[in-house]
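Colleague: I have a few questions about how two chains meet and what lies inside them. Can you walk me through it?

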Amino acid sequence: MYPSRFAYESPKTLKDAIGLLDAAGGDAKILAGGQSLVPMLKLRFAFPDQLVDINNIPDLDYITFDADGTLRIGALVRHEHLEKSAEIAKRQPTIAAAAPLVADPIVRTRGTFVGSVCHADPQGDWAATMIALGGYIVAQGPKGKRKIDMKDFVLGPYANALAFNEIAVEAVIPAPKGVARGGYLKLERRVGDFATASVAVALDMQGETVVGAGFALAGVGGKTIDANDAASALIGKKLTEETIAECAALVAAKAEPRTDHRGSSEYKRHIVATFVKRILTANSTQKAA
Amino acid sequence: MKLDEVKIGGMGASRKRVEDNRFIRGKGNYVDDIVLPGMLHMEILRSPVAHARIKSIDTSAAWDMPGVRLVLTGEMMAARNLAWMPTLSYDTAAVLATDKVRFQGQEVCAVIADDPYIAKDACGKIVVDYEILPPIVNPVQAAAADAIQIRDDKAGQVGNKIFDWEIGDKARTDKAFEDADLVSKIELHYPRTHPSPMETCGSIADYDRATGKLTFYVTSQAPHIVRAAVAMVAELPEQNIRVISPDIGGGFGNKVPIYSGYVIAILASILTEKPVKWIEDKTGNLVSTGFGRDVYLKGEMALRKDGKILGVRMNTISDHGAFFADAQPSKFKIGLMHSAFAAYDIPTAHMFATGYYTNKAPGGVAYRCSFRVTEAMFFQERMVQAAADDLGMDQAEFRRVNFVKDEQHPHRTAFGFLTDSGQYEKCLDIGLEAINYKNFEAERAEAAKRGRLLGIGISTMTEPLGAGNSREYDILGIKMFDSAELRIHMSGKAILRTGSRGQGTGHETTWAQIVAHELGIPADDILVEEGDTDTAPFGMGTYASRSTPVAGAAIAMVARKIRAKARKIAAHLLEVSEEDIEWELGRFYVRGNESRGVTIQDCAMAAYSNMPDGMEPGLENTAYYDPPNLTWPFACYIAKVEIDPETGVWDVLQFVAVDDCGVRINPMIVEGQIMGGLTEAYAMANMQYQTYDEEGNIIGGNYMDFLLPTAWETPGFELYEVVTPCPHHPIGAKGVGECATVGGPAAFVNAVVNALKHKGVRNIDMPMMPNRVYEALTTGKDIYGMPPVRSGN
């Protein structure tokens, strides 16, 4: 690997890291898991003057549920930790379903959840999951912390709302009113392939009634797609064949796929609808095939 | 006391691979591990566009960078008559572009610098002004009357056609079609793929002006051919060229040709008087080095109502890229494509082949394949399935009716090959039994109740492996023999060198087993060394599954020469005449008195310390082996698949492989070869291809777009064996390395198509990605060919 030349710093505190970013004036990149950044350096698609490695900053590697059920994921939580977390498996089904589908097992041991959200790859699993879950990012800069809602965080392909001197220190998923349900499905040609289509579904259920729902898509547009409007088909209702079909059609209508070597736009839209149906059906009490 | 052959690591021993000691510990010695004093590093600037005239190249900013020692352009190569080089298919290929670039990724400039970072930085400073020309990305465009000519550099070249070529009996075949009850037709495309070895291509050229000697380290499957080619191209005296092919991180055919980077690195070393290392990056390997396949077929079969094949017509159109650089040793323009249908008893056949230039990477290498045999067997088995379906006949029964019977061997095929052995029906029967074929329709009906589609596909084939014989096969005029040199030390230990070159294929292990079998020297006592042209005997290298058929035979023959001499020594030591000496594994004894004997080790010691009067001292010899024929392994592969009709995703429920590769030297290594080959077959069937968009941009220039299967997707394979010894090979062995890659793909495609038969679907071209399967399923239409597609996500 022969990237362009860059300086490398490995600060021990967030304050120092933010100071380095600030001093670089926009020519620095944060290195967390490096699973997207390092390939881009190798290909010289990215050529920052400086890398700020945050791996030696303590207290950024945590998965916690607050007393009210709010989920907090620190900046250095690896995909693998989410995949193997018993708490996540029990309490956050959308993340639990997506974690084993992120990239491949090797990438999952290094890559970070927050880093993946920040990378805002239109194919990325976690930005879509966060949008469906209605989460927000906690950004810390020279002037302190601020919250950025996911709907405002992803600006476009590979673009997020962080200022050049801010670090995303935490991802937060609000507590459900009832029970968190949901799922994640991805069609890929091979483990680690870019998705042909990915669907994130987050449900908030009280008994059999849907009280909250979120949907987001990856791989079927120029950016991560927010399909949360489709919740209107479900809110206050039960998951029935009719509501599921209506919702799947609304989500699929949000997709903006283009025809390429992974399939036609019609095919990808069909996969989105199929996956929404499959996730919702699996979450319905009907348990239809 | 008789030696136990398996215990000494002889024939049939599943001996652990001795080379793995270093490979799995990360202690292999690959080209990039070699560091020479004062070594410089080379980087190649590649064309970003598929077809363009070069208006100007400005290298001044690159020259100005500190640490840059040399910047080479096509013009500078041309001044030394090195801008173009010959290919193995008697065409020419550009080393560095002079007039035009003809494919995306073509070599345009080279920078030689103190370290690879500087070389890469300096490439970024070179400014090339391109006048874009329309690209041609498939043979249909290439053949158009108004198509721009790609090879305007060649005097006498008309349009973009490279060749028309035919073989077989046209008149007799035409008559067979007139007499047929039914004609089955199918059109297929075998898409372009790439061998993509884990280690890319690379070399270090080290020219010493004081001695005039060039030492060339290169990751090559055929180091001796490299020496011959360098002598020709660089006009250096052959005794001053030493080619060393160190450990190879995979070859699969990709490391047979001579690439531009090698020629440039040699010139750069001569000019700078320093060693120059060039290591290709992964993208460079995928976009510029020898690809595989990219052939279209129109196939027709003349059939009788009872299922007998009366005749076959094959019409192929092949896409060779910008230079005709197929790496193959036959005089046949489309390689051994006409080995198709060798397993079937067919009265007559005719093939017409046409090749075209396109603006794509050159070099149709035999990717784990004997020169287009992979395409031949794929086309054959797809045609066979279509014919069985058109006749309404069971696919297994149709094969049985048309197979060459065991007792028909030796059998002359309709295209002129001579197959010599095989038990085709027996292999088929084992496969059908293993997959419970007779119960399949019940399984299919049961799956349908679950909303799933089941399919079963068979692929049976015999293929010609082990080029060649010297009558028909040569490279640059050098005949396709191979060689072995065996030296027995006085302690009875030995060193064996051959002209072949292992590439992770286990030579260091299996070659010693052949010697153990012939001489009774334990395999652990035999060091195997290959790849250094100053020490190894001349050989044609390792590809086309030829190592065991040719070099392996040479090893047996040289061991027998050694044994003949040892017998004389034994007679001397035992004080009897040679006629009274008997041989058992590892030991000579006096006939009628078994207890009076000497071991091969005793003879070795005596060869240096107590030889008979008048005998030359020493116990070493060399053998060159010219095989009388190719070897003909047979394989029966059967896949059972399940399709999710809502997505088009298909899974392999069971895969059965029955291989008859003759006598197995090391069964474990043979099984490993078959598993690896089937994995590659699965890759091509399911996910892998290298295509180009309308602008000639390669899709598949990185490992996110060009997919290699991982352990997660790859199905399990059940292996079975039948042994029909090769009648002409000294130890009865046949080639095997490529069987599974060659025969495997059709089993998968036949299975998926079988699952969609009820919809009227007759073909889905590879790779059978879910979207293609879904489209076939929902429209009932065949998915044919590879139209240029858009890149991007």
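**Where chain A meets chain B**

Modeller: This is a predicted model. The count between chain A and chain B is five salt bridges.

Colleague: Which residue of chain B forms a salt bridge with A:Arg278?

Modeller: A salt bridge needs a Lys or Arg nitrogen within 4 Å of a carboxyl oxygen of Asp or Glu. For A:Arg278, the closest N and O atoms of the pair are 2.9 Å apart. The partner is B:Asp644.

Colleague: Which helix of chain A gives the most to the side that touches chain B?

Modeller: By class, that side of chain A has 10 nonpolar, seven polar and 10 charged residues. One helix, residues 265-283, gives seven residues to that side. This top contributor is helix α11.

Colleague: How much area do chain A and chain B bury between them?

Modeller: Start with the contacts: 27 residues of chain A touch 32 residues of chain B. In chain A, A:Arg189, A:Arg190 and A:His261 lose the most area to chain B, together 26% of what that side buries. Of the area buried between the two chains, 53% is on carbon and sulfur atoms. The total is about 2,900 Å².

Colleague: Now the inside. Which residues have the most contacts inside the largest nonpolar core?

Modeller: That core has 168 residues. Helix α18 (residues 739-755) of chain B gives the most to this core, with 11 residues. Beyond four places in sequence, B:Trp650 is in contact with residues including B:Tyr682, B:Phe748 and B:Met768. The two with the most contacts inside the core are B:Trp650 and B:Phe748.

Note on methods: Residues numbered from 1 in each chain as written. Chains lettered and ligands numbered in written order. Predicted model: local features only at pLDDT ≥ 70, side-chain atom pairs only at ≥ 80, totals over all residues. Heavy atoms only, no water. Contact = heavy atoms within 4.5 Å. Buried area = accessible area lost by both parts, 1.4 Å probe. Salt bridge = Lys/Arg side-chain N within 4 Å of Asp/Glu carboxyl O. Helix = DSSP H or I, 4+ residues; strand = E, 2+ residues; numbered from the N terminus. Nonpolar A, V, L, I, M, F, W, Y, C, P; charged D, E, K, R; others polar. Core = buried A, V, L, I, M, F, W, Y, C linked by side-chain atoms within 4.5 Å. Buried < 20%, exposed > 50% of the residue type's maximum accessible area, 1.4 Å probe, protein only.
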